[in-house]
Amino acid sequence: MRDELSDKTAVAEKPRVLIYCQHVLGMGHLIRSMTIARALNGCTVVFVNGGESISGMDIPSWVTIVNLPPITSDSEFQGLNIHSKDTTLEQVQRARKNMLFELVDHFRPDVMIIELFPFGRKRFAFELLPLLAHIRLSASSTKVVCSLRDILVTKPDQTRHEDWVVSLMNRYFDLLLIHSDPTFQTLDETFSRCRDLRCDVQYTGFVTQDSDMSMNVQTIDGQPTSDGVPLILVSVGGGRVGHELLDSAIRASVLLVPTVPHRTLLFAGPYMPDHQYEPLHALAIQHPHIEVRRFTASFQSLMRQAALSISMAGYNTCMNLLNTGTRALVWPFTGNKNDEQTIRARKLEQRGLLTLLEPPDLRPERLAEKIAASLNHSQVLSGHSINTHGGRATAMAIERLVAQPHNRTTHTTVASVSRSQPDHWLTGFKQFLDAKEAAGRTLHLFLRDDDVDEDEDSLKHLLDLALARGVPMNLEIIPGRLTPACTAALKNALRADHALLSLNQHGWMHSNHEMEGRKCEFGSSRSFTQQLNDIAQGKAILEGTFDELFFPAFTPPWNRCTTDTYRVLDELGFQVFSKDRGKDRLTEYRFSEISTTLDLYTWKAGARMKSAREIVRDLMVQLDTLPFVGLLLHHKVMAEDAFKFLDQILCELRCSSVVRFHTFQTLFPLVAGSQMVHR
């Protein structure tokens, strides 16, 4: 794959476009995305297919297909399925994520087009969120585009879903392309937050397959397609759903043929299970005028020659009907309360462009009547003014985007990690890690970030680092100051991996209650009861907000507290206590102490980051001598140089096979079991 991409990119300096398409049930998403790839004939295109591949597709010379290990879904979209008995879903997910990272780094696309996400495909956040964060952190010129169909599926939690979409679109995307004609269907009909999107939004018109891309089919099994006998074309897209329509169509055709001579050609789809396809084929083979096939690359040409099309109401099939003007009966898919096809079909029916089938119409006798009425109807179908030139409009939009300067300002807040000119401390650190690897040592490390309360850009940068580098972090949340926007940002990141973040408690309000001396929220001026009330109130908020995502670990503000605080934590059932590491560890309580050992900042004269040399020197000493090392981060004061340094450190640690990153959840059993001792 890498050699093929190198050959293509070396031929000419054409714009490089990476298209990600994940189809899980049918093949409509794949067909539409491939149509866009065909329209990008002035670009070098890498097409990433996340679903099952389809043989027989016409792939243009400027497109390279990269097939990820396929993941599909059931008809109710309730679970993800893999197609290998030798691997687990988790292993497939990890392999796919690694392939995507390698592909982006090697191909270096000018534009990455992601089909549907984040408006859909939330289950693929495991690979797409880290990839988007990686692109953002790389400081490359890659622009990110969302490719979206006309109608969205309503979610059970629509308000929260739209919050998620707006948050991700505004952080990671440069352009939203809506493949619809706004005179027919606008996005705000199924998505209410359009005005909150800060990226550029463009309607392209509907994406349809070019007429000249389909072969002109002259015969079907040796019989001419234009011999005067009406051809009925029946299809159900990919075939994972729609079996009942095909079965009814065969039986209706058998009932109808004595009085209305015709031929019926059915396409069951490449994904229809054999146990459904074989009985259909056996039923059809008993009747010479009926044929059942899996798939054809010349479907639109056949539709143009058909007297009647019977199908579901997917995007691509409906666009083919508009292009060919073929009379049509459509039966919308409604699984999992999905109303997308029904909305589209009703609007087209209102314009006189097709006839909608209702559930009772699937009885063979009733369907035969519908077919006969359609074939005998002498009225010419009305024309339409719907824009179906979305493929070319999409290509033009991508070409314009490539020519624009990168204007997503937040993209530049974190510089890339330079590999060509490494910092002077980096060589020694690499040598240290290599030596530990040679010695067979295992190094345990955790990261703790304090003062999480608001949805600020520095926190999002930290979350991007966790996502892109795959490094788990412990986030200490101030419960009394936690905002809904911050809650959403944390939950969004956790969609990629629930084990990525440990959400813990950082005091109550981070308020100083001491009139003299050092700042402290739980100091000598607070009674046991006052501390108990505050900490219990904060714990209840975090448990109610995050449910099982909250882990009962506690960090006192300013890393200070009293013996009464320990008693409170014991009574409230906290499992971990964390502060700055002192000379003696707390051992007389039911919780375990897991404290940080190295702060990136010094605080005597205000927040000032230590030198990289000093941090790395101390880090190597601690990794060599301590059972575990805890790095203390402060996103609120971290500037660009701090994020760059942290990214470099994390990349080197992540590349080492001997380093184990921890959250408090994973470190707690080791500490509680006394399995880790000082060397």
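This is a predicted model: local features need pLDDT of at least 70, side-chain atom pairs count only at pLDDT 80 or more; totals for chains, interfaces and linings use all residues.

Student: Why is the pair of Phe 124 and Phe 126 called tilted?

Tutor: The ring centres of Phe 124 and Phe 126 are 5.9 Å apart, and the planes stand at 40°. Centres within 6.5 Å make a pair. Stacked needs planes under 30 degrees apart, and edge-to-face needs over 60.

Student: What makes Phe 577 and Phe 591 a tilted pair?

Tutor: Their planes meet at 45° and their centres lie 5.9 Å apart, so this pair is tilted.

Student: Which parts does that pair tie together?

Tutor: Phe 577 belongs to strand 22, whereas Phe 591 is in the loop between strand 22 and strand 23. The pair therefore joins parts 14 residues apart in sequence.

Student: How do you know whether Phe 577 is buried or exposed?

Tutor: Buried means under 20% relative accessible area. Phe 577 has 0%, so it counts as buried. Phe 591 has 3%, so Phe 591 counts as buried too.

Student: Which residues form a cluster through ring pairs?

Tutor: Tyr 566, Phe 577, Tyr 589 and Phe 591.

Student: What sits over the ring of Tyr 271?

Tutor: The charged end of Arg 240, 4.3 Å from the ring centre. The distance cut-off is 6 Å. Arg 294 lies over the face of Tyr 277, at 4.1 Å from the ring centre.

Terms used:
Residues are numbered from 1 along each chain as its sequence is written. Side-chain values use heavy atoms; hydrogens and water are left out. Rings of Phe, Tyr and Trp (its six-membered ring) pair if their centres lie within 6.5 Å; planes under 30 degrees apart count as stacked, over 60 as edge-to-face and the rest as tilted. Helices (H or I, at least four residues) and strands (E, at least two) are DSSP runs, numbered from the N terminus. Buried means under 20% relative accessible area, exposed over 50%, partly exposed in between (1.4 Å probe, protein chains only). A charge sits over a ring if NZ of Lys or CZ of Arg is within 6 Å of the ring centre and within 35 degrees of the ring normal.
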